[in-house]
Structures are given as C-alpha cells and as structure tokens.
Amino acid sequence: MGDGSKTARWIVAAGLLLTAHWTHAQQAVPLRVDGHEVATLDAGTLGALPPKQVDARAHGDRATWAGVALSDVLARYGVVHGEALRGKALTGTVRVRARDGYVVVFSLGELDPALGDTRVLLVNRRNGQPLDAKLGPWRLVVPDDRRPARWVRNVSAIDVDVPATTSTGH
Ligand SMILES: Nc1nc2c(c(=O)[nH]1)N[C@H]1C(S)=C(S)[C@@H](COP(=O)(O)O)O[C@H]1N2
Ligand SMILES: [Mo]
C-alpha cells in the first residue's frame, strides 16, 4: 500500500473523529422552564451534580448506567420541589424530547424525592463508556419501569412547564 493511501486513511479517520467531537458538542441539551432556556446541560454543567449510577436491565441487556438524577437537575435550576411542590404545582410536567421526535412526559410529583420518588437518571455512560451515537450522548434510564419505553435515547431537550404557584396548596 502506498503512502498516499495511508495518508488518505489518516485524513478520513481524523475527519471522523472531528465530526464525532463536533456532533457531540452540538448535542448539549437545553433545559427550558416555561419556554425560557435556563441551562445548557452537558458533561460540564451536569458534572457539578451528585453522580448517580444504577444497574438496570432493558430487553435482557443488563448494564451499569451512570449520570445524574433528573430530580437533581430540576432542583439545581430552580424548578419547584420538596415542601413547595403542592397545589397547582402538582400539575407541572417535564417533557423529555429526543432527536427522532420521541417524547415522554413525567409529572413533577412523580419525580420529586419527597413524593413519587420515581428514579429517573439522565445518563451519559454505560458500563463506564460514553454512550454511542445510537444511544447518546444522553439517555434516560428509568430502572423501575416494567418496560424501558421511557428510556429516551438521544435526549435533545427537556421542557418543564409549571403553572404560577401563587395558590396556598395543600
Ligand atoms: N429516542 C427514542 N428513544 C426511545 C425510543 C424511541 O423510539 N426513540 N423507544 C423506546 C422504547 S419503546 C424502548 S423499548 C426502548 C428500547 O431501548 P434499547 O434500544 O436500549 O433497547 O427505548 C425507548 N427509547
Ligand atoms: Mo418499547
């Protein structure tokens, strides 16, 4: 094989790496609250939150998934939680979108550790490795769901909608 074809291979390989890097950089996840972007979620911003991991199985595939708790993300960016989560705020929703248009919705009440406490992780690693392009860079893992239908792959945006919470609640 000549030097020319070797060089060409290196250029292709470098190009693929750069493209992969660029693509991941473009895939930071906007967190919007009532339509306002309050954060750009990526390994940097989410690295400040408590790391969480879980062993969970989907379709017979058991793996260790690592990332952060969705409830910690919401609390970090000021979404109503804990004692204040009552009354009208309990109609609040968290809509998680994927690049392919897939969308799932959670309620604030089910996610809150003081209420439903449903474990939902926003993960970027599987068995210690970054998620591949099919799954990542970010995916949800909902280990206690009986089917993995809410394990959104390729998360592209998170939209929180909470009504004004002027009511006294219960
Ligand atoms: N973006 C996206 N995520 C998705 C889906 C989808 O169609 N698009 N399907 C869901 C369903 S129905 C299942 S069962 C699981 C499958 O996850 P797996 O590919 O890791 O087995 O992904 C979930 N996440
Ligand atoms: Mo599914």
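## The shell around ligand 1

The shell around ligand 1 is made up of 6 nonpolar residues, 1 polar residue and 4 charged residues. These assignments come from a predicted model. The residues in question are H59, A98, D100, Y102, K134, R139, P148, A149, W151, V152 and R153.

The place where ligand 1 sits can also be described as a pocket. The space that ligand 1 takes up is the largest pocket.

In D100, a side-chain N or O atom lies 2.8 Å from a nitrogen atom of the ligand. For R153, the distance from a side-chain N or O atom to an oxygen atom of ligand 1 is 2.8 Å. The side chain of H59 has an N or O atom that is 3.2 Å from an oxygen atom of ligand 1.

How much of the accessible area of ligand 1 does the protein cover? Taken on its own, ligand 1 has 530 Å² of accessible area, and the protein covers 76% of this.

## The hairpin that carries H59

H59, one of the residues around ligand 1, belongs to the turn of a hairpin formed by β3 and β4. There are 2 residues between these strands, and H59 has a positive phi of about 50 degrees.

Strand β3 covers residues 52-58 and strand β4 covers residues 61-69. The two strands run antiparallel and are joined by 7 bridges. One example of the pairing is V54, whose bridge partner in β4 is W65.

How values were computed:
Residues numbered from 1 in each chain as written. Chains lettered and ligands numbered in written order. Predicted model: local features only at pLDDT ≥ 70, side-chain atom pairs only at ≥ 80, totals over all residues. Heavy atoms only, no water. Near = heavy atom within 4 Å. Polar contact = N/O pair within 3.5 Å; in protein donor to acceptor, adjacent residues only side chain to side chain. Areas by Shrake-Rupley, 256 points an atom, 1.4 Å probe, with all protein chains shown as cover. 1 Å grid on protein atoms, 1.4 Å probe; cavity = no way out; pocket = protein on both sides within 12 Å on 5 of 7 lines; lining within 4 Å. Sits in = over half its atoms within 2 Å of the grid points. Nonpolar A, V, L, I, M, F, W, Y, C, P; charged D, E, K, R; others polar. Pairing = 2+ DSSP bridges. Helix = DSSP H or I, 4+ residues; strand = E, 2+ residues; numbered from the N terminus.
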